[in-house]
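Dear colleague,

I am passing a structure on to you, together with some notes on what turned up in it. Please keep it open beside this message as you read.

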Number of protein chains: 2
Amino acid sequence: MPTYTPPLKDMHFVLHDVLKVHESDIPGYDELDPEFTGAILDEAGKISRDVLAPLNMIGDTEGCKLENGVVRTPAGFKEAFDTLREGGWTGLDCDPEYGGQGMPYVIGTAVGEMQVSANMAFNMYGGLTHGAYSAIHAHGTDEQKAMYLPKMVTCEWTGTMNLTEPHCGTDLGLLRTKAEPVGDGSYKITGTKIFISAGDHDMADNIIHLVLAKIPGGPEGVRGISLFIVPKYKVKEDGSVGEPNGVSVGKIEEKMGIHGNSTAVLNYEDSVGYLLGEENKGLKAMFTMMNEARIGVGLQGMAQAAVAYENALEYTRERLQGRAVTGAENPDGPADPLIVHPDVRRSLMDQKSFVEGGRAFLLWGASLIDAGHRKNDADAVGLISLMTPVIKGFLTDKGFEMTVQAQQLYGGHGYIEETGASQFVRDARIAMIYEGANGIQALDLVGRKLASDGGKHVMAFFDLVKDFIKENEGDAALKKDFLDPLKAASKDMQAAAMYFMAEGMKNPNAALAGSSDFMHLFGHVALGLMWARMAKAAQEALDSGASDVAFYETKLATGRYYMARSLPETALRLARIQTGAEPVMGLAAENF
Amino acid sequence: MPTYTPPLKDMHFVLHDVLKVHESDIPGYDELDPEFTGAILDEAGKISRDVLAPLNMIGDTEGCKLENGVVRTPAGFKEAFDTLREGGWTGLDCDPEYGGQGMPYVIGTAVGEMQVSANMAFNMYGGLTHGAYSAIHAHGTDEQKAMYLPKMVTCEWTGTMNLTEPHCGTDLGLLRTKAEPVGDGSYKITGTKIFISAGDHDMADNIIHLVLAKIPGGPEGVRGISLFIVPKYKVKEDGSVGEPNGVSVGKIEEKMGIHGNSTAVLNYEDSVGYLLGEENKGLKAMFTMMNEARIGVGLQGMAQAAVAYENALEYTRERLQGRAVTGAENPDGPADPLIVHPDVRRSLMDQKSFVEGGRAFLLWGASLIDAGHRKNDADAVGLISLMTPVIKGFLTDKGFEMTVQAQQLYGGHGYIEETGASQFVRDARIAMIYEGANGIQALDLVGRKLASDGGKHVMAFFDLVKDFIKENEGDAALKKDFLDPLKAASKDMQAAAMYFMAEGMKNPNAALAGSSDFMHLFGHVALGLMWARMAKAAQEALDSGASDVAFYETKLATGRYYMARSLPETALRLARIQTGAEPVMGLAAENF
């Protein structure tokens, strides 16, 4: 069975050596000194390791069962949820006014990584609740906030997001769920929603569904969509749980992975709903939280890669098979450990350099979210908005790929469910799909974000890269191993952006045909920038006489690998982009 | 539920327009005129589509069950196996002396593709039998051949290959299964073998296990391994089935996929075994069939990609979601089909161009096998031996990747088991692992094959490419779209080979660190060559007034996509290779 070891030292390095959160002027960051963050992460790590991780495979094997209309979660899930609730972990970065701990998002992200690595399917119950909490917090009336938020912060009540219907996923303009005004300010909701994560379960007293629906007579398409609060059980005036509200579970889906999460078909039949935000502005309200939700999914990609890597690494150290080509390294044993073999090492370095680069990218992104929320930093908001599809799409595409690489290192044992390597692959797979499939992320990036505000945010990103290079090019080693490759990759990205500008005007297909390639190109440049920043921080620590020399030298070696072997993919992505629309669109649909 | 449509027209194109099998001087190829191959493939296609494909999802859902020591296969498998047996399909390319049909391997490969696409897990029962048949055919005594082969050709008895033990997979020198001479020429076999595909089941009267074991007192390591025939039931002198032979099923593994195949732990306890081939030459005997077995696994990668693509394509034509960025293409409908979107089209083209290029590569490879067997063509044997790890490793890595891309096109529906997209991914995953994990293929390619016979075979491959380019560069369109990109890719491959020669001498790690990259580089050049040959054939057909203009123009457009958007990956692979050992091996094992 897989184990989980919280990456506390790596997180400390990113937070304090690289991002230097404790020196930031973002309100609330002043308390994030190494001792404080260390205490929180240490405790969160213990729960992840000791409570959540041991339930991961049980969740996969048992799955969720619908019995007589009631969804049963896997053995141990309820008790684990109680542990999180009792420790106050569910409201870590929530508003203190409603019982939250008021921590910055960056801390929530670090804690979230550990919980997702330990048990992704379990973590989603709290994750979805947090999403619904945020929507009500942003758009609810004072009464709504007072009624729902305190119980959602504690996860006494959990939450869901209901968008998809059988005939519409991405294209929400097609949705059919109806919301008929009753006359007393409430609505009657009728329709069927599918793929509702954490849609029903036995771990909370109530479930607060946020449901997109159309009010009859409203505008066509997405302009006629409103968002409603629809509790599973009606809530009485005193805040206690009342009668069932006409929400029934049609079925629990049989999925490739995340079996521990109940993905439900929900049928609403004259369910009482309350408008959240304004009429016909439902999409906007739902998507206020889009950046956070998508970053949360990007986190899943990285976190699954992290735990898959950790376990694969352990296997390659223990499994004896073959001899090093340069001479036996375990001469007294029957064979050498797998880790001596160059192609095994290559795979481990791919994984390690991705995971650590991805972690830095996510924590940096989270700090931009904090800068937006806590000090109204419009530039930070613009930049994270630009990078959100990259965080979501690139980190989940690559995260999945890395879980596959981790599985590969087990040979036949990786294909057998008992090692757990397969579960990481199957669980990671969903992150490429939900919260906007990665093709949609690429479209969002190239079709909307790149040119938004006159291209201001991508120019700011380029400036960040340029300034970092300029500031540090006096350091010869950093320049050769990190800055020069970063400069080349950044130039590829600029050339791609130029190509889109020049050709996309004439033919939007010329830009969109390269959208996925651009998302990956951008992702590599972002991770290249992260590695350059980490290398600088590691070198500074070494120069200032840090005691843990091996740790910092390992960072440098891992970073050099990324720059030398992963980052050159930007040239390939650019070459693909520059072939334009013709190869992609040249074949008529009927001739496929 | 997925459907399967045999790719008859595409196969015909490769066999007759590209490879021109009917004009070949390989003995037996003279009967392969279009009418004859058409009749066989048509009939094989019908069985694949109507008998095997409908059982694919049933096999996945039901799996194989061990009940009271007996393995039950999924509902319908036995009847389907009877259909294949009755039609003589199990012995299609087997020796007529033992009841086979004596067809060339290239026809067996084309038929095999359809059977694997339709139902990979089911196909393995016959596939393993074929492997065991080949081993006995090559190394058995006349008595052994007479006793076992006729019943294995008909699959009245099936076969297995027993290599792996709990503590050793790749490193067979570590194996512990014992074979003690009894004195009458037979041996007593004792030990545990794991991951035995088709290891036990209820579809045949007997199972002929081929088992690697050590005769006590023999040489250490791989030089002391012998191969034994160990029937599940003892065979009486008259050839009828007798008493059980001490072979029991320890368990059936829970796997990520191929649930319809019974992957067994087999315990041998004083089981009677008969030496196959010479004492202590067991590995050699087992690996005589290695090229065919590995090509068969490469075929699985391609075939799963093919059927996954076919179904995803259908979905993108039917599912209405969003509008084309260049204006509605289905203005009377609520939305346009998915296939109008450039990133969807990009994914479909990736899949289509890989599948069709891979199919040509496999059928060409199969024809080289035939040239080796049927006319003792040593150059053909050398070339296919060189390319075998590429066929296995590249086609299964990419084949899996393409099933993931196919799944992605369904959005959330692809993650739900009921669409079948997940099964193609889960089934395809094993092909990267078994029959030598892909890292081992890369090692075999770079560490052994590349320099074998003084590099003669890779030079022959380069000459093939060069000659093709030279012969055809008078055709301006072919030159620009196909020959020039092929030349560039081939140069990258030559540069990589040069690098290995120069650096690998000094430090083998410098070559092996790039082994997986080289395997992919080679694969792309091979598919580039295939596309160039297909483009030439398509253009010739058009020039000679072929009636199906759209078919041949589609070939050209698909090929142009491959050359423009996939082939440039060779430059990236070369860049990675040329970074050498340092990035990969620079970090000490203990510092990971």
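A:Gly159 sits in strand β3 of chain A, which covers residues 157-162; strands (E, at least two residues) and helices (H or I, at least four) are DSSP runs, numbered from the N terminus. The model is a predicted one, in which local features need pLDDT of at least 70 and side-chain atom pairs count only at pLDDT 80 or more, while totals for chains, interfaces and linings use all residues. Residues are numbered from 1 along each chain as its sequence is written, chains are lettered from A and ligands numbered from 1 in the order in which they are written, and side-chain values use heavy atoms, with hydrogens and water left out.

With a relative accessibility of 0%, A:Gly159 counts as buried, where buried means under 20% relative accessible area, exposed means over 50%, and partly exposed is in between (1.4 Å probe, protein chains only). Once neighbours within four places in sequence are set aside, A:Gly159 is in contact with A:Leu128, A:Thr129, A:Ala132, A:Met152 and A:Ile208, contact being heavy atoms within 4.5 Å. From A:Gly159 to A:Leu362 there are 203 residues in sequence and 24 Å in space, C-alpha to C-alpha.

In the loop between α7 (142-153) and β3 of chain A you will find A:Cys155, which is buried at 2% relative accessibility. Although A:Cys155 is not a glycine, its phi is positive, at about 60 degrees. Most residues other than glycine have a negative phi. A:Glu435 also has a positive phi, near 60 degrees, and is a residue other than glycine; A:Glu435 belongs to the loop between α12 (421-431) and α13 (438-449) of chain A, and at 34% relative accessibility it is partly exposed.

How many disulfides does the structure hold over all chains? The number is 0, a disulfide being a pair of cysteine sulfur atoms within 2.5 Å. A:Cys64, for instance, is in no disulfide, and the nearest cysteine sulfur, which belongs to A:Cys155, is 16 Å away. A:Cys64 is buried, with a relative accessible area of 11%, and A:Cys168 is buried as well, at 0% relative accessibility.

Turning to the helices, the axes of α10 (residues 342-375) and α17 (residues 515-543), both of chain A, come within 9 Å and cross at roughly 90 degrees; these axes are lines fitted to C-alpha atoms, for helices over the stretch in contact, and angles run from 0 to 180 degrees between N-to-C directions. The two helices α10(A) and α17(A) are therefore roughly perpendicular to each other, a description that applies from 65 to 115 degrees, whereas under 35 counts as roughly parallel, over 145 as roughly antiparallel, and the rest as oblique. On the α10(A) side the meeting residues include A:Phe354, A:Phe361 and A:Trp364, and on the α17(A) side they include A:Leu527, A:Met530 and A:Trp531. The residues of this contact divide into 10 nonpolar, 3 polar and 2 charged, where Ala, Val, Leu, Ile, Met, Phe, Trp, Tyr, Cys and Pro count as nonpolar, Asp, Glu, Lys and Arg as charged, and the others, Gly among them, as polar.

The largest nonpolar core has 302 residues, and those with the most contacts inside it are A:Phe461 and B:Phe461; such a core is a set of buried Ala, Val, Leu, Ile, Met, Phe, Trp, Tyr and Cys residues joined through side-chain atoms within 4.5 Å. Apart from neighbours within four places in sequence, the contacts of A:Phe461 include A:Trp364, A:Leu383, A:Met493 and A:Phe522. A second, separate core of 98 residues includes A:Ala431, B:Met124, B:Tyr133 and B:Ala303.

In chain B, the loop between α11 and α12 (421-431) contains B:Tyr415, which is buried at 1% relative accessibility. Not counting residues up to four places away in sequence, B:Tyr415 touches B:Gln407 and a number of chain A residues, among them A:Glu254, A:Met256, A:Arg426 and A:Ile433.

B:Arg374, in helix α10 (residues 342-375) of chain B, is partly exposed, with a relative accessible area of 28%. B:Arg374 and B:Gly28 are 346 residues apart in sequence and 8.0 Å apart in space, C-alpha to C-alpha, and B:Gly28 is one of the residues that B:Arg374 touches.

With best wishes
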